[in-house]
Amino acid sequence: MSAANSPEGMSPSDASSWTLRTRKFVERNVPMDHLLPQRQPYYVGSWVYVFGVITIAALIWVVVSGVVLSFMGPQWWHASSVGRFFNGLHFWSVQLFFIFMVLHLWGQYFMAGWRDGRAATWMIGVVIFAASILTAFTGYLSQQNFDSQFIAINAKDAMNAGGIGAFFNVLNFGQMYGLHVMLLPIVVTFLVVAHIVMVRARGVVKPIDAEGGTRS
Amino acid sequence: MDTPTSYLHWGFILISVPNLIVIGGMIVLFAIALVAPFPHSQGGEDVRRK
Amino acid sequence: MRSMGATQEEYYRGVRMVPYDLVKELALALAGLGLVMIVAAAFLSSPDVGPVTIAAWAQGDPVDFVTTATGELAGSTTSAGYGAPYNTNADGQSWGPIAPQKWFGARIPVDSANAFVIQPLQRAAVGNADLGAAIGQWKGASADQQAKWLDAYGKALPSATVSDGKVTVATGDYGPLPVMMSNLLGVAQAGGLDGLLVINDRFYQTDYTQPLLFMGDGGYLAGLADQAHLTGSQWGMMNETGSYPGQTWLWLYTLWYQVPPFTSDTGFLGLNASNADLGVIILMTVLTVALALVPFIPILRDIPRWVPIHRLIWRRYYATGRPVTRT
């Protein structure tokens with residue numbers, strides 16, 4: 001093996017390699033055995049800990065059912081009973097997503113999960129919450145039924161009062177639908193991946209007042 | 001399920017029965033998660049991080 | 001900067017690690033949730049109350065339709081006097097110097113009287129000489145004359161009678177309005193107005209701004225929404241049609257609309273019912289930022305330490321009485 005291929009031996013060109021530096025950064029901060037550990041601290045022993053992974057599972061179902069709906073077009077589920085079933089999957093998976101996300105929020109709050117350098121993880125979590133609300137909002141506006149009509153007519157006043165109604169027109173189905181199936185799922189997915197990586201990088205926070213942890 | 005549902009009116013609070021079920025259910029679920037025993041691995045290796 | 005990976009080695013030094021299968025946990029969660037969802041979707045389905053059309057409105061409540069259309073011509077409807085982003089006929093909501101509604105101007109211009117009444121009528125006038133004459137009479141009249149006709153007609157409408165879908169008012173001097181309105185009603189009842197307001201001389205269209213603004217100006221859609229508890233003063237943001245759960249996560253957003261100062265006309269510190277939307281947006285933005293910054297806010301970040309919920313979650317750890325790290 002030449003020095004350039006060996007991880008230990010660095011040739012002069014390696015020293016300036018951004019690719020190598022990126023790889024080293026990832027290996028240092030999120031090595032595979034931190035990303036996918038088969039062990040956890042023994043105090044990870046409460047059902048409260050499963051709310052996060054259930055939220056992830058619900059999000060996966062939201063996306064899968066949403067992909068099916070978008071593939072068949074926004075009017076399919078009104079006319080087809082199979083479509084209505086898939087809309088039901090999408091509707092209930094969204095309900096479950098918010099239910100377990102909020103339970104996860106309650107759990108993390110009462111565990112003060114932001115301690116020991118985990119403040120950024122908490123903050124990203126709050127951003128995910130806000131982004132999810134926005135995504136759900138555009139979804140409710142995309143239903144093309146009575147509910148979406150009234151939500152649009154009512155919500156426009158808040159958007160307009162805030163100044164963004166000129167750019168984010170809730171009465172414009174095309175805009176709301178496009179945001180809902182394309183831009184916002186990408187944003188939420190990206191944020192959730194970042195959140196999970198941050199959790200895995202630092203590991204689960206220690207119990208409150210555990211030795212070796214910091215006060216806040 | 002498309003028939004209108006009933007609402008509970010308590011002071012300024014006005015909530016639909018399905019919403020109350022969801023919120024009440026969440027509180028119950030959280031309480032159960034707090035107290036329900038969690039399956040602990042028996043023994044396992046007492047591996048301490050070096 | 002010490003890397004997070006090395007810090008994890010130090011962080012868990014002396015901590016007993018036990019087997020825990022994250023991937024299996026995710027697989028079980030997927031399967032379990034999938035089952036719940038499939039059962040729910042199969043037995044409970046999902047909400048889908050069909051949309052209201054302008055045709056349904058014109059057939060279901062012709063007097064309300066005609067009253068709204070008359071109001072559009074008079075400039076007295078919500079959309080006509082809205083302000084930005086539809087027109088410049090009002091300043092919109094503001095709180096002192098904070099007035100974002102008018103900062104960006106009329107970027108979605110809608111001329112209510114022309115869009116909802118005059119232009120559709122001009123199309124319908126093709127081949128209809130009487131209507132053409134009525135429109136001509138309307139456009140040829142002075143603003144004063146138009147206002148007199150509108151005022152008289154508007155006062156007569158509450159006592160109007162409906163027979164066979166047509167609206168009849170007591171005799172009076174309304175100029176060409178009865179002819180214009182009965183034609184507009186006819187077009188609407190036949191479904192023509194739904195198409196005209198969406199298509200607007202184009203072919204492809206996905207923007208429902210005009211028909212929704214027009215329907216929002218009337219009382220028919222609002223009446224149905226009121227029955228379904230969807231309006232702002234009924235915690236409507238949280239509710240769903242039928243017996244389905246709604247957007248329960250919006251509880252705090254809608255709560256403010258039910259309490260002072262946002263319900264009162266006098267209000268508090270300049271916040272009241274007339275700028276409630278702006279006030280609630282500002283308030284919820286502040287609260288959301290505060291939630292994100294909880295790790296840094298005294299008292300809020302200490303409550304978990306005071307409330308013994310964590311002692312239940314980590315009861316195994318606290319029961320051992322030994323510190324986490326062992327020598």
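In this predicted model, the contact between chains C and B draws on 31 residues of chain C and 22 residues of chain B. On the chain C side, two elements give two or more residues each: strand 1 and helix 16 (309-313) of chain C. Strand 1 of chain C makes the largest contribution to this side, with four residues. Sorted by class, the chain C residues touching chain B come out as 17 nonpolar, eleven polar and three charged.

Chain B also has some strand pairing of its own. Strand 1 (residues 7-10) of chain B runs antiparallel to strand 2 (residues 13-16) of chain B, and four bridges hold the pair together. Within that pairing, B:Leu8 sits opposite B:Ile15 of strand 2. The two strands make a hairpin with two residues between them, and B:Gly11 in the turn has a positive phi of about 65°.

Turning to the other partner of chain C, 81 residues of chain C are in contact with 82 residues of chain A. Here helix 2 of chain C gives the largest share of the chain C side, namely twelve residues. The class breakdown for the side of chain C that touches chain A is 50 nonpolar, 20 polar and eleven charged residues.

Strand 1 (residues 39-41) of chain A pairs with strand 1 (residues 16-19) of chain C through three bridges, and the two run antiparallel. In this pair A:Gln40 stands across from C:Val18.

The axes of helix 4 (residues 51-72) of chain A and helix 2 (residues 22-44) of chain C come within 9 Å of each other and cross at roughly 55°. With angles of 65 to 115 degrees counting as roughly perpendicular and those under 35 degrees as roughly parallel, the two helices are therefore oblique to each other. Their crossing is right-handed. From helix 4 of chain A, the residues involved include A:Val53, A:Ile56, A:Ile60 and A:Trp61, while helix 2 of chain C brings in C:Leu26, C:Leu30, C:Leu33 and C:Met37, among others. Taken together, the residues of this helix contact split into twelve nonpolar, one polar and one charged.

As for helix 4 of chain A itself, its 22 residues should span 32 Å at 1.5 Å a residue, and the end C-alpha atoms, 32 Å apart, agree with that.

Terms used
Residues are numbered from 1 along each chain as its sequence is written. Chains are lettered from A and ligands numbered from 1 in the order in which they are written. This is a predicted model: local features need pLDDT of at least 70, side-chain atom pairs count only at pLDDT 80 or more; totals for chains, interfaces and linings use all residues. Axes are lines fitted to C-alpha atoms, for helices over the stretch in contact, and angles run from 0 to 180 degrees between N-to-C directions. Angles under 35 degrees count as roughly parallel, over 145 as roughly antiparallel, 65 to 115 as roughly perpendicular and the rest as oblique. A crossing is left-handed if the near helix is turned anticlockwise from the far one by less than a right angle, and right-handed if clockwise. Two residues are in contact if their C-beta atoms, placed from the backbone, lie within 7 Å. Ala, Val, Leu, Ile, Met, Phe, Trp, Tyr, Cys and Pro count as nonpolar, Asp, Glu, Lys and Arg as charged, and the others, Gly among them, as polar. The expected span of a helix is 1.5 Å times one less than its number of residues. Two strands pair if DSSP finds at least two bridges between them.
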